[in-house]
Amino acid sequence: MYDFLTGPMLWATFLVSFGGLIVRAIMYVKGLSWQLDRVAYRPHMSYGMRGAVRSILAFIIPFKARLWRTRPGFTIIFFAFHIGLLVTPIFLEAHNVMLQKAFGVSLPTLPTGVADGLAWVCLVGGLFMVLRRIAFPEVRIITTAYDYLLLVITVLPFITGLIARYEMGDYNFWLTAHILTGEIWLLSLPFTKLSHAILFFMSRMQLGMDYGIKRGGMKGSDMAW
Amino acid sequence: MPEGKFCNKTPITTEEQLKATLGDKGGKQYYEEMNHLDVDSEKLWGAIQKTMKSRTKTWLEICAHCGLCAESCFLYQVNGRVPEQVPSYKIQSTLGQMVKKKGKVDNEFMQMCMETAWSKCTCCNRCGMYCPHGIDMGVMFSYLRGLLYSQGFVPWELKIGAGMHRVYRAQMDVTMEDWVETCEWMAEETEEEWPGLEIPVDKEDADIMYTCNAREPKHYPEDIAEAAILFHVAGENWTVPSEGWEQTSLSMFAGDWECCKDNVVNVYSAIERLRPKRAIGTECGHAHRATVIEGPYWAGREDGQPPAPYIHYVEWLAEALRTGKLKIDPAKRIKEPVTLQDSCNYVRNQGLKDVTREIISYIVEPGYFVEMAPNKEHNYCCGGGGGFNGIGLYREQRNVALRKKKQQILDTGCKLVIAPCHNCWDAIRDLEEEYEIGIRWSFLKPLVIGMLDVPEHLLPKDE
């Protein structure tokens with residue numbers, strides 16, 4: 001089981017997951033329409049790209065966009081959650097050992113304490129995301145079961161990973177569960193709303209181009225995101 | 001498939017239809033007929049499949065339901081922060097559902113969509129600035145309005161408004177003859193005080209072609225006279241077209257895209273016919289958006305630009321003051337606290353925030369200009385945008401919407417508001433009527449004329 005999950009299944013997962021995200025990005029660009037979107041993408045590409053970069057940067061740098069400054073509490077939780085979510089698996093020592101075995105190369109790894117901390121940050125962040133969905137009427141009204149399911153899919157690899165890491169209960173069971181939930185998460189990326197992993201950039205880029213070309217950029221007036 | 005006499009899927013294209021629909025006072029019969037109007041699901045779904053491309057599709061799909069858009073919406077704020085006013089909810093429960101159900105929706109749903117699209121969103125695009133995913137719900141509501149219009153679910157006034165544009169190519173029944181006569185009349189009236197003043201019609205190869213809002217010839221022709229005075233004093237070589245002079249677009253508010261195209265092409269033809277170096281539009285936000293910002297796309301112009309440089313009045317005025325074509329007498333500058341309304345349609349939608357403040361720097365004594373909070377591209381809609389001002393059915397909701405601007409103005413402590421946009425001007429007038437907070441409001445033209453330092457040779461000779 002372990003061999004299958006970390007062997008063929010893992011490769012298939014990577015292929016579907018990352019391949020799928022790339023396909024989604026390509027489909028997004030192909031589905032843009034200058035006339036329907038009312039943005040002259042091609043003739044003003046340089047203005048567009050400038051706007052795109054500004055728009056992405058404003059929202060991936062904490063407290064850069066006005067939105068982030070108006071909601072400091074949320075901003076901290078949101079960024080902590082996403083940083084934990086992305087950094088931990090990529091720079092985790094155990095994952096890089098596998099990488100080393102397979103390719104003979106590995107990325108720099110996080111000290112165990114930091115990795116543990118980040119995983120916990122991610123879990124606590126996820127918990128807060130659930131709580132605010134319940135607590136705030138303006139979030140509750142738009143929240144669906146699907147939103148909770150995606151949060152569960154996202155945090156399960158962390159929960160199972162931590163249990164395995166602290167060797168609570170049957171290590172092999174939890175390790176298998178960790179790999180399985182991790183693969184489910186990866187497979188969900190292109191097919192669910194988790195596709196925002198790539199589509200966030202596409203959508204931000206598009207709106208950035210809109211502002212950069214049509215809504216002020218060409219008037220020399222940058223949007224104060 | 002029952003369709004009403006007035007409420008139906010067919011646009012108004014003749015004067016007779018227009019007059020008949022206008023005769024249905026307040027749309028009484030129109031709205032009654034709407035209760036029986038069928039939804040053509042096949043056509044609706046067909047339209048969605050054809051026009052909903054990756055931008056809107058992705059926006060609907062990846063909305064993280066985080067609720068961060070809530071506070072960005074002034075309608076959410078002034079309506080007691082009820083969750084039904086959260087932008088994400090408003091679009092997901094309307095367009096989102098329509099897509100999910102592949103257009104298989106009923107009359108009741110469409111009426112709910114209509115109410116949401118025209119009374120709970122002014123398409124001010126402010127939410128788009130606050131969504132981490134860059135989802136602009138204003139853009140989507142505009143799209144939804146198009147779908148609703150094509151199915152006949154559109155407020156009575158906007159059905160008529162789009163009809164006006166189709167019949168007269170103006171938002172009011174101002175014909176080409178009416179327009180040219182008004183120009184002649186205004187030139188005559190004004191010439192007494194301003195010798196040599198002209199309103200040249202259809203002059204070819206002028207430096208400027210001026211276009212306006214049909215409300216001006218219809219209800220306040222003095223605005224045209226004021227534009228003429230300022231061009232005259234600035235020594236501009238200008239003209240107005242006899243055809244293609246009207247740059248507003250109620251059809252844009254209604255979602256009648258075919259009509260939008262027809263109107264803007266008409267204006268562009270005037271540019272091509274008269275070959276001015278550039279065109280200048282009046283103090284109107286939505287007119288500017290329609291002819292300059294969105295118009296090129298309706299007309300199918302791939303570079304997204306009108307056939308000649310086309311600027312908003314505030315851009316011309318700032319330039320005229322900057323270059324000294326117009327001089328302000330420092331003694332006549334505004335010496336009372338004054339604030340400025342940033343119009344969504346040319347500030348958030350075209351970045352014209354600094355030129356308006358440049359104008360302020362010339363016409364207001366330093367220290368007297370008070371910014372609204374928030375301002376520039378973060379400013380709130382006047383409360384009457386996107387057609388909201390004109391829809392009788394939603395007057396009550398509109399009046400509630402005005403409260404945000406009322407509070408913003410009260411917070412500045414100013415009694416004078418400069419509003420270089422017809423729609424904002426109207427909304428601010430209405431809010432004073434409704435809430436009596438003791439303010440005055442003005443376009444830029446009359447203010448500037450009142451404080452001009454006029455060269456001797458332009459003044460009337462004493463007898």
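Tutor: The UniProt record, an unreviewed entry, places the feature "domain: Cysteine-rich" at residues 338–424 of chain B. In this predicted model, that span is 41% helix and 7% strand, and its end C-alpha atoms lie 16 Å apart. A cis peptide bond runs from Ala373(B) to Pro374(B), with omega near -10°. Pro374(B) sits in the loop that joins helix 19 (354–363) to helix 20 (395–412) of chain B.

As for confidence, chain B has an average pLDDT of 97, and 99% of the residues score at least 70. For the model, the ipTM is 0.95 and the pTM is 0.96.

Chain B also has a partner to consider. Its contact with chain A takes 55 residues from chain B and 54 residues from chain A. The size of an interface is often given as the accessible area lost when the parts come together. Here the area buried between chain B and chain A is about 4,600 Å², and carbon and sulfur atoms give 56% of that area. Three residues, Arg55(B), His65(B) and Tyr297(B), supply 17% of the area that chain B buries against chain A, more than any other three residues.

One of these three, His65(B), has a backbone feature to note as well: phi is near 55°, a positive value in a residue other than glycine. His65(B) lies in the loop between helix 4 and helix 5 (74–78) of chain B.

In one salt bridge, Lys214(A) pairs with Glu294(B), and the closest N and O atoms are 3.4 Å apart.

Several helices of chain B each supply at least two residues of the side that touches chain A: helix 3 (41–51), helix 4 (54–62), helix 6 (87–100), helix 8 (127–130) and helix 16 (285–298). Helix 4 of chain B gives the most, with six residues. By residue class, the side of chain B that touches chain A divides into 23 nonpolar, 17 polar and 15 charged residues.

Technical notes: Residues numbered from 1 in each chain as written. Chains lettered and ligands numbered in written order. Predicted model: local features only at pLDDT ≥ 70, side-chain atom pairs only at ≥ 80, totals over all residues. Heavy atoms only, no water. UniProt positions renumbered as here; feature names shortened; annotations may be inferred. Helix = DSSP H or I, 4+ residues; strand = E, 2+ residues; numbered from the N terminus. pLDDT = per-residue confidence, 0-100. Contact = heavy atoms within 4.5 Å. Buried area = accessible area lost by both parts, 1.4 Å probe. Salt bridge = Lys/Arg side-chain N within 4 Å of Asp/Glu carboxyl O. Nonpolar A, V, L, I, M, F, W, Y, C, P; charged D, E, K, R; others polar.
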